[in-house]
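Subject: Structure handover

Hello,

The structure we talked about is below. My notes on it follow; please read them with the coordinates open.

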Amino acid sequence: MADVLNTPLRLPCGETLPNRLAKAGMTEGLSDRYLRATPGLCRLYERWSYGGAGLLITGNLQIDKRVLERPGNVAIDNNGGMRELELWARAGRVGGNHLWMQISHAGRQAPWYVTRRPLAPSPVQLKLLGTYRKPRALSENEIRDLIERWANVAGIAKNAGFTGVQIHAAHGYLLSSFLSPAINRRNDAWGGSLENRARMLLETIRAVRKRVGAGFPVALKLNSADFQKGGFEFDDCLRLVDMINQEGIDLLEISGGSYEQPRLLGYGGDSASADPGSSTARREAYFLKYASEVRRVAEMPIMVTGGFRSRDVMTDAIESGDTDIIGMGRPMCGDPEIARKLLAGEVEEAPRYEQSLKVMSGNQQNPLVRLWPLQVFGQQAWYYMQLFRLARGEDPKPSLKPLACFLRWQNDELLSALLLNRRRTPQTQETPAYVDER
């Protein structure tokens with residue numbers, strides 16, 4: 001059998017991905033003070049484009065500049081920046097890959113230092129380290145406005161030169177929170193039954209497809225489950241996928257968890273990756289066991305992200321039919337060419353950086369050591385610092401210490417929040433310094 005990782009994948013819309021490896025969406029934090037794309041994003045995505053993955057998905061581009069996931073989000077909301085988007089799209093396609101824009105709304109997962117009042121289906125506060133304020137429930141007119149914003153941003157992405165879009169409905173952001181009965185406590189047509197809770201997502205998909213046309217890739221990122229009591233369950237996911245089969249989605253990415261249950265990072269309870277009795281593939285790939293069941297229902301190609309490191313596990317996952325595309329994120333921060341190396345057989349597995357990234361070490365009975373949010377944010381900060389280095393044209397630096405990265409990241413986040421200017425568009429927009437005419 002031919003090497004399946006190097007096999008192209010034809011999508012339902014007619015477009016073809018050149019291989020089976022994808023860079024999953026990761027928040028970059030590299031916008032300017034007007035929330036526009038920057039030369040740093042161009043350098044980062046050019047590096048990844050030459051890195052070999054057949055598909056690159058951007059991270060958390062916001063449709064609403066009032067509500068941000070973090071200060072450095074790129075947003076498309078009457079703030080200009082079309083030329084910057086075009087340069088970004090060009091830089092991210094130089095290697096012959098697809099570049100899809102992930103479009104999102106942070107919802108209630110918007111920190112206090114960057115969002116005055118988060119928005120959500122219901123006023124259910126995210127209580128995590130005192131970072132998030134109580135959200136305001138959206139009105140029906142606001143819901144319809146946001147659906148139109150998703151469609152508008154998708155159309156802009158297409159015009160700017162991105163080759164597809166991914167609607168982010170996972171990880172506790174706005175569309176994900178509408179799906180969760182623990183967060184969505186509405187008693188109108190947008191809450192209650194799964195059909196009502198899924199209404200905003202389904203209408204968003206339809207509006208996006210209508211705007212971009214039948215031949216343009218539209219993907220969806222969806223939780224297998226929230227892993228929270230009373231939240232979006234796996235049975236809900238299977239029922240929802242059956243509904244989505246009729247909506248013309250070209251690629252369904254299966255993930256899971258939220259800020260409160262960060263399963264994507266390998267934390268939080270009894271994840272498959274922590275099960276010593278499961279197969280090597282199940283231990284390594286956090287959501288593969290869910291994807292194999294989704295596959296029985298889904299009529300569109302599947303992408304699974306979270307924990308993949310071994311070339312053999314990736315190959316087996318595709319050959320078994322559990323998934324069509326392997327999504328990777330964190331390994332590409334430490335080695336932007338890891339996809340090419342895996343595809344060429346130069347390496348058998350991606351680096352497992354997280355095994356050595358401990359903010360606190362010592363006896364596991366120490367409550368500070370067991371404080372998983374500190375471990376999660378410390379590791380995340382390490383990856384952020386690697387992204388920033390790549391954006392400056394530097395190589396990754398694995399020797400960075402996660403605690404020092406965490407302190408640096410917190411300082412940078414607060415400073416960036418202070419410098420944000422979302423109220424007006426600059427009167428004159430200079431052409432960015434990054435220009436690559438290849």
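Aspartate 412 and arginine 408 form a salt bridge, with their closest N and O atoms 3.1 Å apart. The two are separated by about one helical turn, because they lie 4 residues apart in helix H14. Arginine 408 has a relative accessibility of 46% and therefore counts as partly exposed, since that class runs between 20% and 50%. Bear in mind throughout that this is a predicted model.

Salt bridges with shared partners also join Asp64, Arg66, Asp77, Asp145 and Arg149 into one network. The structure holds 26 salt bridges, and two further pairs are described next.

In the pair of glutamate 203 and arginine 199, the closest N and O atoms are 3.1 Å apart. These residues are 4 apart in helix H6 (residues 199-212), so about one helical turn separates them. Glutamate 203 is partly exposed, with a relative accessible area of 21%, and arginine 199 is partly exposed at 22%.

Glutamate 253 and lysine 221 also meet through their side chains in a salt bridge, at 3.5 Å from N to O. This pair links distant parts of the chain: glutamate 253 is in strand E11 (residues 251-255) and lysine 221 in strand E10 (residues 218-223), 32 residues apart. Both glutamate 253 and lysine 221 are buried.

Together with Leu415 and Leu418, Leu419 forms a nonpolar patch on the surface, and the accessible area of the three together is about 330 Å².

Now the interior. In soluble globular proteins, nonpolar side chains tend to be buried together. The largest nonpolar core here has 113 residues, and those with the most contacts inside it are Trp88, Met101, Trp150, Met200, Leu201, Leu220 and Val294. Helix H3 (residues 140-160) supplies the largest share of this core, 10 residues. A second, separate core has 13 residues, among them Leu9, Ala22, Ala24 and Ile325.

What does valine 294 touch, not counting residues up to four places away in sequence? The list for valine 294 is Phe234, Cys237, Leu238, Val241, Leu252, Ile254 and Ile302. Cysteine 237 has a relative accessible area of 0% and is therefore buried. Cysteine 42 is buried as well, at 2%. A search of the whole structure for disulfides finds 0.

Serine 176 sits in helix H4 (residues 174-179). With a relative accessibility of 3%, serine 176 counts as buried, because buried means under 20%. Leaving aside neighbours within four places in sequence, serine 176 is in contact with Ala169, Ala170, His171, Asn223 and Asp226.

Last, helix H10 (residues 311-319). Its buried residues include Arg311, Val313, Met314, Thr315, Ala317 and Ile318. Glycine 321 follows H10 and has a positive phi, near 90°.

Regards

Notes. Residues are numbered from 1 along each chain as its sequence is written. This is a predicted model: local features need pLDDT of at least 70, side-chain atom pairs count only at pLDDT 80 or more; totals for chains, interfaces and linings use all residues. Side-chain values use heavy atoms; hydrogens and water are left out. Patches are made of residues with over 30% relative accessible area and no salt bridge: like charges are joined within 9 Å, nonpolar side chains (Val, Leu, Ile, Met, Phe, Trp, Tyr) within 5 Å. Accessible areas come from the Shrake-Rupley method with a 1.4 Å probe; for residues, only the protein chains shown count as cover. A salt bridge is a side-chain nitrogen of Lys or Arg within 4 Å of a carboxyl oxygen of Asp or Glu. A nonpolar core is a set of buried Ala, Val, Leu, Ile, Met, Phe, Trp, Tyr and Cys residues joined through side-chain atoms within 4.5 Å. Buried means under 20% relative accessible area, exposed over 50%, partly exposed in between (1.4 Å probe, protein chains only). Contact means heavy atoms within 4.5 Å. A disulfide is a pair of cysteine sulfur atoms within 2.5 Å.
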